[in-house]
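Let's take a tour of a protein model, with its sequence and 3D picture side by side. Keep the picture open while you read.

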Amino acid sequence: PAVTVLIIACPCALGLATPTAIMVGVGKGAENGILIKDAESLENANKINAVILDKTGTITQGKPEVTDVLWLNNDSSAESILLSMEKQSEHPLAEAVALRLHSVTTVEISDFESITGKGAKAIFNDKMYFVGNQKLLLENHINIDAKLLEKAKEWTHQAQTVIWFADSEKALSVLAISDKIKENSVQAIQELQQMGIELYMLTGDNEATAKAIAQQTGIEHYQAEVLPQDKADFVKKLQSQGKVIAMVGDGINDSTALATADVSIAMGKGSDIAMDVAKMTLISSDLTKIPQAIRLSKHTVAAVRQNLFWAFIYNLIGIPIAAGILYPINGFLLNPMLAGAAMALSSVSVVGNSLRLKKSKL
């Protein structure tokens, strides 16, 4: 009986219960374009009840294009200064402006400085120039012509992002930049809402553009003109309310919030820093992969629980029988060879149950 008990009690099934399910779950994720770095994020995704989405490059395509430009008094003589500034900036919107002005020659600017969440400034011929949002101009007491302001409002209501270019006295130009919503974003947002998950959109863009994108995608909660640190603070705020947060982003400015969230998801076509920080990466940058990842987590956690249940039941029943609990009743003693077969069967059943995950639909 001692040998039989030892064989039956061998905790192979218990030891295999969690890792086999996790391994199959991670493999299933990879098959579906979801790269999962660790078991913890796969398990935590099961508990997500709030998802925070960045706008540019996450909900939208992240390929902004300049659709219109208006210069003060039709004087575009400062184009070369604008191009020179935007070429030194790393922001996606700056790339769009640089692409639009690709035929213009650059000039030598100095003291270029990027201003987080607002834009940039630089000096040319001892004169300061600014490029960025309206807040940047207002903070520096720059005069904005009524015609430029009217055009900017019109573009903003069309869900276009507005970029201002100015010297130290007045606004010289206003540009409209459009970034289309991804084909599957609306579908993904609807799926997440149907799963009972709260959705929030955070963006550094202006209020009107953020509102237009939120309305087009069906997101109720959004915040505009958000700085990178504000995103992380917002994650903490929701966590303090007891919510399990998934942060989804693609850029350097999302990395702090990604590191703060319970589950961090990066777009595969985003920045290297975002992918490095995030625990999950969506290879195709398709938002419909998020509900898939949550369903995968639910299936995986269910498989782990089933495995543990059957492993415990096996030991609960097997050990007393191996110890001879039936011997006084009917003289039955479990043969060590049968015990070995039963032990192997328990391990096979756990592995088999885990492999069922491969056939589950996401």
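A residue counts as buried when its relative accessible area is under 20%, as exposed when over 50%, and as partly exposed in between (using a 1.4 Å probe and protein chains only). N133 has 18% relative accessibility, so it counts as buried. You'll find N133 in the loop between β6 (127–132) and α7 (134–139). Leaving aside residues up to four places away in sequence, N133 touches G117, K118 and W164; contact here means heavy atoms within 4.5 Å.

Before going further, some housekeeping. This is a predicted model, where local features need pLDDT of at least 70 and side-chain atom pairs count only at pLDDT 80 or more, while totals for chains, interfaces and linings use all residues. Residues are numbered from 1 along each chain as its sequence is written, and side-chain values use heavy atoms, with hydrogens and water left out. As for the labels, helices (H or I, at least four residues) and strands (E, at least two) are DSSP runs, numbered from the N terminus.

Strands of a sheet pair through backbone hydrogen bonds, either parallel or antiparallel. In practice, two strands pair if DSSP finds at least two bridges between them.

Now look at some of the pairs. β2 (residues 50–54) and β11 (residues 245–249) pair in the parallel sense over four bridges, and L53 stands opposite V248 in β11. β11 also runs parallel to β12, joined by four bridges, with V263 of β12 as the bridge partner of A246.

## Inside strand β12

How many residues of strand β12 (residues 263–267) are buried? Five of the five are, so the strand is largely enclosed by the rest of the structure. In a regular strand the side chains alternate between the two faces of the sheet. In β12 both faces are covered: V263, I265 and M267 are buried on one side, and S264 and A266 on the other.

## The six-stranded sheet

A second open sheet has six strands in the order β3-β8-β7-β6-β5-β4, and its pairing is antiparallel. Here β3 (65–71) and β4 (110–115) take the edges with a single partner strand each, so one side of each is left without a neighbour in the sheet. The twist averages 15° from one strand to the next.

β4 pairs with β5 (residues 119–124) in the antiparallel sense over four bridges, and S114 stands opposite A120 in β5. Helix α6 packs on this sheet, touching β3, β7 (161–167) and β8 (171–178), and its direction makes about 70° with that of β3. Helix α8 (residues 146–157) lies across β3, β7 and β8, running at about 10° to β8.

## Two helices crossing

Finally, the axes of α5 (residues 79–88) and α6 (residues 92–100) come within 8 Å and cross at roughly 140°. The contact is made by L82, L83, E86 and K87 of α5 and A94, V97 and A98 of α6.

Key: Axes are lines fitted to C-alpha atoms, for helices over the stretch in contact, and angles run from 0 to 180 degrees between N-to-C directions.
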